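The entries follow the order in which I looked things up.

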Amino acid sequence: MNTQIPILVADDDEDDRFLIRTAFRDSQLTNDIFFVADGVELMQFLYHQGPYADAVNYPRPGIIFLDLNMPRKDGWEALSEIKQNPDLKAIPVVVLTTSNSERDILRTYESGANCYITKPISFDQLLQIVKSFGQFWLSIASIPWK
């Protein structure tokens with residue numbers, strides 16, 4: 001059971017972050033969940049730099065939810081950097097983005113993502129995705145963490 005692993009969500013949309021936070025709460029997942037607004041903040045969090053320097057308050061995540069379309073450093077760049085770094089590449093990355101383009105899906109998996117999910121249009125659908133995520137990634141799958 002992976003109920004103690006921290007989850008990091010990188011998404012620039014404030015409304016999406018609110019909905020994701022609410023879906024995790026409503027799904028009764030007890031994992032600590034952290035949010036960053038773009039790829040620059042994501043990498044600062046992972047490297048414990050800037051406002052995320054305190055590794056106790058900002059622990060290494062066991063899973064990353066990643067939006068592809070973000071400012072400053074987009075999800076593609078962040079995914080590439082994560083998967084090329086020997087210290088980070090084992091962290092599962094779940095892409096949660098608006099695109100359902102076959103080209104984007106293929107490129108994402110080729111870049112090392114572990115899962116690709118198109119953002120749903122309703123909260124009920126998001127809630128079902130989060131529940132399914134919890135069932136698989138937090139209850140069934142073994143995740144290299146710590």
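**Entry 1: Asp67.** I began with Asp67, which is buried because its relative accessible area is 5%; buried means under 20% relative accessible area, exposed over 50% and partly exposed in between, with a 1.4 Å probe and protein chains only. The model is predicted, so local features need pLDDT of at least 70 and side-chain atom pairs count only at pLDDT 80 or more, while totals for chains, interfaces and linings use all residues. Residues are numbered from 1 along each chain as its sequence is written, and side-chain values use heavy atoms, with hydrogens and water left out.

I located Asp67 in the loop between β3 and α3. Helices (H or I, at least four residues) and strands (E, at least two) are DSSP runs, numbered from the N terminus. The side chain of Asp67 makes a polar contact of 3.0 Å with the side chain of Thr97. A polar contact is a pair of N or O atoms within 3.5 Å; within protein, one must be able to donate a hydrogen and the other to accept it, and residues adjacent in sequence count only if both atoms are side-chain atoms. I then listed the contacts of Asp67 (heavy atoms within 4.5 Å). Leaving aside neighbours within four places in sequence, they are Ala10, Asp11, Asp12, Gly75, Leu96, Thr97, Thr98 and Lys119.

**Entry 2: the sheet.** I traced five strands in an open sheet, in the order β2-β1-β3-β4-β5, with parallel pairing. The edge strands, each pairing on one side only, are β2 (33-36) and β5 (115-118). From one strand to the next the twist averages 20°; axes are lines fitted to C-alpha atoms, for helices over the stretch in contact, and angles run from 0 to 180 degrees between N-to-C directions.

Two strands pair if DSSP finds at least two bridges between them. I found four bridges between β1 (residues 7-10) and β2, in the parallel sense. Across that pair, Leu8 has Phe34 as its bridge partner, and Ala10 stands opposite Val36. Helix α5 (residues 123-140) packs on the sheet and touches β1, β3 (63-66), β4 (93-97) and β5; its direction makes about 150° with that of β3.

**Entry 3: strand β4.** Is β4 enclosed or open to the outside? Five of its five residues are buried, so β4 is largely enclosed by the rest of the structure. Val93, Val95 and Thr97 point one way from β4, and Val94 and Leu96 point the other way. In a regular strand the side chains alternate between the two faces of the sheet.

On one side, three bridges join β4 to β3, and the two run parallel; here Ile64 stands opposite Val93. The chain crosses from β3 through α3 to β4 in a right-handed β-α-β crossover. Right-handed applies if, with the strands pointing away from the viewer, the path from the first strand over the helix to the second runs clockwise. β4 also pairs with β5 in the parallel sense over four bridges, with Thr118 as the bridge partner of Thr97. I noted two further right-handed β-α-β units: β4, α4 and β5 make one, and β1, helix α1 (residues 14-26) and β2 make another.

**Entry 4: the cores.** A nonpolar core is a set of buried Ala, Val, Leu, Ile, Met, Phe, Trp, Tyr and Cys residues joined through side-chain atoms within 4.5 Å. The largest has 23 residues, and those with the most contacts inside it are Leu8, Leu42, Leu46, Ile64, Leu66 and Ile82. At least two residues of this core come from each of β1, β2, α2 (39-47), β3, α3 (75-84) and β4. Not counting residues up to four places away in sequence, Ile82 touches Leu42, Met43, Leu46, Ile64, Leu88, Lys89 and Val93. A second, separate core of 21 residues includes Ile20, Ile117, Val130 and Ala141.

**Entry 5: two loop residues.** I looked up Asn85 in the loop between α3 and β4. Asn85 counts as buried because its relative accessibility is 15%, and a polar contact of 3.3 Å joins its side chain to that of Tyr47. Pro51, in the loop between α2 and β3, counts as exposed because its relative accessibility is 57%. Leaving aside neighbours within four places in sequence, Pro51 is in contact with Gln44 and Tyr58.
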